[in-house]
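Dear colleague,

I am passing on the structure below, and my notes on what was found in it follow directly after. Please read them with the structure open beside you.

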Amino acid sequence: LTGKITGTLKTGISFASSRETVAGNSKIESSLPAPYKKTLIQADIEAKCEKNFLKGELIEARYNPDSSAPLKADGFGLTCGCFLIDKILSVVLRYEEYDPDKSVTDKNDIKWTTLGINYFASKKAKIQANYIFKSEAEDETNNNSFIVQMQYCF
């Protein structure tokens, strides 16, 4: 085999910590009694090579309310894709898991697999079509979804 391997590798990590005095508006934060301390850690890595890419993401959150037990949430996602027609048409496959409360197993513990196709009409416009296979740890429901959206950058 001969050939040249070219590509890019990107990594990132972020950390946030705050003391919240009122309930937040996310699913998790709206259920916590305020005040609480919030700590988030997120990391990602992405590799691109010619027409293909692979991206992994991890997130971990800890919530420590003053008046109740702490809560730990975590999740990860893995996305891969390739261009079928360079800079015009791509296919994407994504797998993700998220558990908003590690102390219980319930319908909020999710596993989603997304199959998508992206059409880049121009450098500023993109049309996406995704079918999402959704699975819950308990009380599984028939809630798969098909989403079509357009994105335009100004």
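**The sheet and the core**

Eight strands form an open sheet in the order 1-2-3-4-5-6-7-8, with antiparallel pairing, where strands are DSSP runs (E, at least two residues) numbered from the N terminus and two of them pair if DSSP finds at least two bridges between them. Strand 1 (8–20) and strand 8 (145–152) stand at the edges with a single partner strand each, so one side of each has no neighbour in the sheet.

This is a predicted model, in which local features need pLDDT of at least 70, side-chain atom pairs count only at pLDDT 80 or more, and totals for chains, interfaces and linings use all residues. Residues are numbered from 1 along each chain as its sequence is written, and side-chain values use heavy atoms, with hydrogens and water left out.

Strand 6 (residues 110–120) and strand 7 (residues 125–136) pair in the antiparallel sense over 11 bridges, and Trp112 has Lys134 in strand 7 as its bridge partner. Ile110, which lies in strand 6, counts as buried at 19% relative accessibility, buried meaning under 20% relative accessible area with a 1.4 Å probe and protein chains only. Beyond its neighbours within four places in sequence, Ile110 is in contact (heavy atoms within 4.5 Å) with Glu96, Glu97, Tyr98, Ser135 and Glu136.

The largest nonpolar core comprises seven residues, namely Ile28, Leu32, Tyr36, Ala61, Tyr63, Leu71 and Ala73; such a core is a set of buried Ala, Val, Leu, Ile, Met, Phe, Trp, Tyr and Cys residues joined through side-chain atoms within 4.5 Å. Strand 3 (52–65) and strand 4 (71–85) are the elements that give two or more residues to this core.

With best regards

Terms used
Buried means under 20% relative accessible area, exposed over 50%, partly exposed in between (1.4 Å probe, protein chains only). Helices (H or I, at least four residues) and strands (E, at least two) are DSSP runs, numbered from the N terminus.
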